[in-house]
Amino acid sequence: MSVRVEVNSQEHVVDVPEEWTLAALLRDRLGLTGTKVACGEGTCGSCTVVLDGRPVLSCLTLAAAVDGAAVRTVEDGSPLLERLREAFTETDGFQCGFCTPGQLMSALALLERDPSPGRAEIIAAMSGNLCRCGAYEGIRQAVERAAGATA
Amino acid sequence: MRAFAYIRPASADEASAALRTGSARPMGGGTDLLTQLDRGIRPADSVVDLRGLGLDDIAPHEDGLAIGATVRVADLARDAAVAGGYAALASAASAAASPQLREMGTVGGNLCQQPRCWYFRHPDLQCWLRGGDTCYAQIGDHRKHGLEPGDCISVAPSDLSAPLLAMGARIETSERAAFPIAELYRRPSEDDRTTLTLGPGEFVTRVLLPAPPESSAYARAGERHAWSFALAGVAAARSGGVVSLAAIGVSNIPRLLDPEDPLAGLPGLEMTGWKRRLLAGLVDDALNAL
Amino acid sequence: MSPRLVKSEAVVEGRTEERWSLVEDDHTPEYPDGPSPAPIGVAAQRLTAHARLTGSARYTSDIQLPGMLQAAILRSPFANARLTAIDAAAARAVPGVRAVLTPADGFAPGGSAVLTDAPAYAGAPVAAVAADDRDALAAGLAALAPEYEELPFVAGIDEALGRQDFTADPSEYERGDPDAGMREAAASVSLELRAPAQMHNCMESHCAVAAWQGDELTTWISTQGMFAIQAELADAFDLDLERVRVICEYMGGGFGSKDQAGAEGLLAAGLARITSRPVSVVLSRREENLDAGYRAPAQFTLEVGAAADGTLTAIDASAVIGMGRGGWTPPALEPVKSVYRCANVRAAVLPVRQNIGSPRAFRAPGVMEGVWALENAIDELAAALDIDPLELRRRNHADGDQATGRPYSSKNLLACYDRAAELAGWADRDSLKADGGRIRRGMGCASQIWWGGGGPPAYAEARIGKDGRPVLSVGMQDLGTGTITACAIIAAERLGVPVEDVRVHAGDTRLAGHGPFSGGSMTLASMAPAVRAAAHEVREQLLALASDRFEIAAGDLTLEEGEIRSVDGTLREPLTEVTGKLANAWIRGGGSRGPNPSGIAVNTFGCQIAQVAVDTVTGMVTVERVVAVHDVGRIVNPMGARSQVMGGILQGIGFALTEERVVDPTTGTSVNPGLEDYKVPTIADLPEVVCEFVNVPDPRLPTGVRGLGEPPIVPTAGAIGNALAQALGVRLHEAPYTPRRVLEALGG
């Protein structure tokens, strides 16, 4: 079926099978391979993208259901995301980087909803993004730092 | 993922009709449904997306609130009226699953999710609940299962169901006028291996909350500090001086507990005796928080 | 100067490997005594940050080539079975399916069959399909419709031991007279402990893409050892080494599990050859947890005796290790032999066979779980002797390697104990012990031992051209640990340029000479001297050219902050004043890693102290604080080093609290091969971590660098176990310490 979707401020009309996921649409149709699929069953958060302001799992989101929606991915160029990238770099908030696109998207959605979250809010909002390398301290500090810069 | 058709009806009637076709299944956020389909659990030839039906409001209703079935769990957790009057429900909504699953998952989907039993969800096993002959959990590893003997020892997983049950919420469906939430659930039986009373084409449309209780609380235990389905959860609510208690994670269905003897009828199984201690502790926690 | 061929020893995860190594003369001066010269030891941001944070880093599963096919593996659902029917023809008839392999095809590159009609564990590869797209692939797999005859299986370790079916001969190590030592003990303790199978769950699953051009094979693969894969594939497909190119530019974690081409690599290459199309194989999370290794579970029996003053008189230990279908037996009792001074030691290892996939190395394989077991016993002994646990450890400090009698190259463990105790508030630990209320607290310690000395062969090439920006080519891959950045730091020091000006090429067998396997905490200790030597060679030439250019003696010139400076301060010119004259010429340098001195043992050491809080209602254990002090030689990048420690501690917390594969006794299959029921730590499980290093360069090793990948995971679980025992007043004998086990211990 045909899906009209805005991805990182760019409009796309894509023809996809009805059972396809948003992750497949992004990676296989649009070539946006920054979004990573690490579990494919909604458990790890690596594939998180921002869909109409919400952090969602693109591996469990049907492409057909995002018709008319706006999606942002790790490839986005928004200033807030750029600030998060700087903060993740400064705090060493990643190691292998495979979960990082999802971490960035959860952080982006959080800061857009709440520009100055407390530590507990940050931990709650980031708790669906697993990082096997264990970069959580840097991740938390990075979100705090980016929030501080925003506030 | 198996091939299926995606249908997004614009009215409840269309949705009911679509759901009566073939092996269609209703979809809210899809987080549970799609993982089931990937694993071949109750396959479907179409999924019917209920998010276009305008069921995404939280609005005053009589003395209480009406919560649309496709309200996201995260929005429920953030709602001021819910937080103000129904603390146990807000607490359950903010503790369920993971942040992304809460943003995606709907109230109706949360209430109707299938058990988290690792045998039920095993792609290569056809357990009793899926129509097979064997409850693998009873003869296998049931460390996280229920406290009640039965044909199936999986447990009710919905965090939201416990406070709703304790607070006397009612459910509206596409086919039925409002009825007590307890009647949404059933113990699976030999000839009907389901845990919900929804009939063909039927789906939850609204959850109706009565006037706010004087006080309510939800106590829950998981396997780690975040992003864990509940090992057990206990909701307590006090209205007019009467205390109600309801628990998930201990039985096939969300279960009302007797405040005087909360462990009654929950003897525990070979590997789940520890959950009796947990449940007793959570009951105390919930009651103490009232 | 001519190279020499020397025989050397290198210790990799406890295996001593004798190697012939080609060694070039190395005139690179050692670092001066005292603090490391900047930027060595100065926190540096990762050079890979931009790529990894913008989504532009290409991981193996991101490779998309024209005409590329998707392939997947059909796996046995049964723990033990015989394949009785499979419909390859039906699968081949599916539109879009390009190749099908079943056991009947005899696909056995290198002589060992990849697909089996006698699958002996759930997840064993039975068939493979390559197709144009995922939908055709799924249809092709479904069309295979395999039928099996189920066979009896062995899943439990106890049952496997009862059958005396071993994957390798049981071994028994003995020194001194353990029985006599136990008789003379004033106190002794005896414990049985069970360690779980811990799954790696790298966020990036195992995956490979293969493409042939004629008889040349290029493989993109997520691997810790691209040269090992190159050799494996060359052997498997009977190719000259140079006809196999292996690329691993970015990878999403390995933790020991990505040490072989695996079914995914061999099938990608095999199917690509059959179809003359590039082929991609990406394992699902479920496959990852069924057939890509795990930390082998172990059952320990330990008896430890000591004199009244705490001096150990005997250790008698055995470990039954659940080896699944077999493989390398991890050195689970190495800690028993080496952590503490003890003249009388017996250590028996029994690796048993089960109908489960094979284990693979997982960060400090054997040693981590062995230390966990030993440290539980040492704490019990301390209680029996009424000696402070940390003091008991100090009293049994081992000055040298007791198995070989060799001295350690460098050991500062006592300093680690002292500093960790100070940072943790160890002296007041008893005041944590609560009032018997709902939350109970405890503090526990554990020692760390691991190898990590590195060794040859490791090569690096450095060059600089007209733009004055050094380029480093190294024969290694970066799992995500930060070795690329560390190499840049080493080179930047010699060349007097900012770290971020160094460009590092890695992750491609065509780029440079052989580099180390990224495992065993070998990488930086192996690479650093080679990089330093290569950069130094460039430096010497740059200074010589600068001497010509500015007519100042080379010995009076230095390179700093991207400038050529005279020692007397009169000259300050940008580097490009020299390199700018090069046109298209390069200044080149090469470096190689020489062997470590013989007759010494090279190990890393450390101590961690954990503070836990236990909720006696929910059974939830919270690790509140971990103090980690490690002795790993010279610290190159403090920021990266701290991140390694954080990662090790978190995986140790996972082992201690939540991670455990559960194998169903009825069917012999794992019931939690996914991240919903197999629980790794989340950000909410992160404790406060206080991390310090005894930053003493190893005086016997070139550059003084030892490894850091493994050390931080080694003591964490033991420290948590001991803290929990103090908190609860009762010791849990099985990890992980889940709510269930805690509540059961409390009498639930």
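Biologist: In chain A of this predicted model, what share of the contacts with a separation of 6 or more comes from residues 24 or more positions apart?
Modeller: Two residues are in contact if their C-beta atoms lie within 7 Å. Take the contacts in chain A with a separation of 6 or more. The share from residues 24 or more positions apart is 63%.

Biologist: Which pattern of helices and strands does chain A follow along the sequence?
Modeller: Chain A has five helices and five strands. Read along the sequence, they give β-β-α-β-β-β-α-α-α-α.

Biologist: Why does the radius of gyration of chain A agree with a compact globule?
Modeller: Chain A has 151 residues, so a compact globule would have a radius of gyration near 15 Å. Along its principal axes the C-alpha trace spans about 45 × 30 × 20 Å. The value for chain A agrees with the globule, because it is 15 Å.

Biologist: What percentage of chain A counts as buried?
Modeller: A residue is buried if 20 or more other C-beta atoms lie within 10 Å of its own. Of the 151 residues of chain A, the part that counts as buried is 65%.

Biologist: Which element gives the most to the side of chain A that touches chain B?
Modeller: This contact takes 19 residues from chain A and 20 residues from chain B. On the chain A side, β4 (54-57) and α4 (119-126) each supply at least two residues. By class, that side divides into nine nonpolar, six polar and four charged residues. With four residues, the element that gives the most is β4(A).

Biologist: Which element supplies the largest share of the side of chain C that touches chain A?
Modeller: Here the contact takes 42 residues from chain C and 40 residues from chain A. Two elements of chain C give two or more residues, α1 (49-54) and α17 (638-657). The chain C side has 18 nonpolar, 17 polar and seven charged residues. The largest share, seven residues, comes from α17(C).

How values were computed: Residues numbered from 1 in each chain as written. Chains lettered and ligands numbered in written order. Predicted model: local features only at pLDDT ≥ 70, side-chain atom pairs only at ≥ 80, totals over all residues. Nonpolar A, V, L, I, M, F, W, Y, C, P; charged D, E, K, R; others polar. Rg over C-alpha atoms; globule rule 2.2 N^0.38 Å. Buried ≥ 20, exposed ≤ 12 C-beta atoms within 10 Å, placed from the backbone.
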